[in-house]
Amino acid sequence: MHSRRLPPRPLLALALLLPLTAACGVSAGADNEGTGKTVTVTVGYQSKTINTVTAGTLLRSLGYFEEELKARSKKDGTTYKVEWQDYATGAPITAQMTAGKIDIGSMGDFPLLINAARGKELKQPTRLVAVTGYNLRGGLNTVVTAPGSAVRSLADLRGKRVSTSVGSAADGTLVRALQRAGIDPDKDIQKLNQQPSVGASALVAGSADALSQFVAWPGQLAFEGRAAALYDGAELNLPTFHGVTVREEFAKERAGVLDDFLKAQRRATDHLREQPVAAAESVAEETGLPAEVVYLYNGANGIATFDPQLRPELITALKEDVPVLKSAGLVGDVDVDAFVDPAPLERAVQAPAYPEAGAAKPELWLKGQSTTRTFDSPKELLQAARGADVRAAYVPDALTGTLWFADKAVWVADGTELRAFVTPASAQRYVDGHAGARIIRYADAVGLAS
């Protein structure tokens, strides 16, 4: 089943002006459960925001939600139909949810807070009921520049044009990173508020000096040779995640249907974790993204960890995100504790918890292979890659652990050891602190590993 591409939605600010008179996503059968009528469940998702795939792209292609609803239909006599609506960001999903047109949606942590705020303001309250993918250090967001750019560190962004999507997790990463570097994000750069695809085009065309975006844009641009990493969001060491939000009214009226969605999401998560290469290939086919990029984020050692549980660290991080959005004038106070509702997931899914994610390991994907190989060190990866028919080689950053393409990483030789870094600035900091260490080309790293 292929994702249906919808026309772009109005901007959130405009969409929220629409009267809330439209029928909700389940209007066709909202008052007719058990009478043989049809109930339509509308799910908003972001096909190319690939750490939401267990609640969107992958879930849709696997058909698990429809399977769960079919079983429910046999019990209650109601026909259930799922309408999947694909968007580029979380803002239009929130606009449609507050208009009663989307029942369940998935989006990033910063958009989730806006979802909570707008839902309360417009008397269509929403609840966060599950997580899709997360990174406990913040590695899902990256700032990139054009290859060969003179911009080599955050300090070089003073006076430059930086594209991001205001209100997104990537914007939050940009703001925090600049502040830590002593740069005023409101005065010292020219911020361009653009959709991810527009910002990517602006970077390639030279009308933006840098781009701060969320998965999978940085990895895709780097893989295609159209960008180089400038700042790894994991340097913030602050969790970032995407999650599932539901209209409170829908959750109350259709609690069983919400349970079915969460059961299906857990099944999709099992599939991704058990068959990561197959899942990456499937998502690539659905989205048009390179499978190598999907695997960078969603693979066995990928930047994203998939687990629906509402981990305490993630909820704490969500609370710490509120001041950032408040300072930008995008929300007022947000009662995160009231927004988060673990009850539906606890009710719907009794499966055992997933094991804690370990540190990422170097990983090699050879052409024609449906499995990958992992290694204990970057040197072992490079030895195996030399002369092989490599589809993709991945290596974790020596400091943050963020996985990156081995041939796009910045390599450092330190005695007999070889270390990889996502950004030149990180590599340079390491070299400055280790006498005799030096930055080398990827080809030289391969040669030294042999």
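Mentor: Before we start, keep one cut-off in mind: buried means under 20% relative accessible area, exposed means over 50%, and partly exposed lies in between. Remember also that this is a predicted model.

Trainee: How many residues apart are Arg 267 and Glu 67?
Mentor: Arg 267 belongs to helix 10 (residues 255-274), whereas Glu 67 belongs to helix 3 (residues 64-76). The pair therefore links distant parts of the chain, and these two residues are 200 residues apart.

Trainee: What is the relative accessible area of Asp 103?
Mentor: Asp 103 meets Arg 247 through a side-chain salt bridge of 2.6 Å, N to O. Arg 247 lies in strand 10 (residues 240-247) and Asp 103 in the loop between helix 4 (91-98) and strand 3 (104-108), so the bridge ties together parts that are 144 residues apart in sequence. Arg 247 counts as buried at 1% relative accessibility, and Asp 103 is buried too, with a relative accessible area of 0%.

Trainee: Which helix holds Glu 248, the partner of Arg 127?
Mentor: The side chains of Arg 127 and Glu 248 meet in a salt bridge of 2.4 Å, N to O. Arg 127 sits in strand 4 (residues 126-135), and 121 residues away Glu 248 sits in helix 9.

Definitions and conventions. Residues numbered from 1 in each chain as written. Predicted model: local features only at pLDDT ≥ 70, side-chain atom pairs only at ≥ 80, totals over all residues. Heavy atoms only, no water. Helix = DSSP H or I, 4+ residues; strand = E, 2+ residues; numbered from the N terminus. Salt bridge = Lys/Arg side-chain N within 4 Å of Asp/Glu carboxyl O. Buried < 20%, exposed > 50% of the residue type's maximum accessible area, 1.4 Å probe, protein only.
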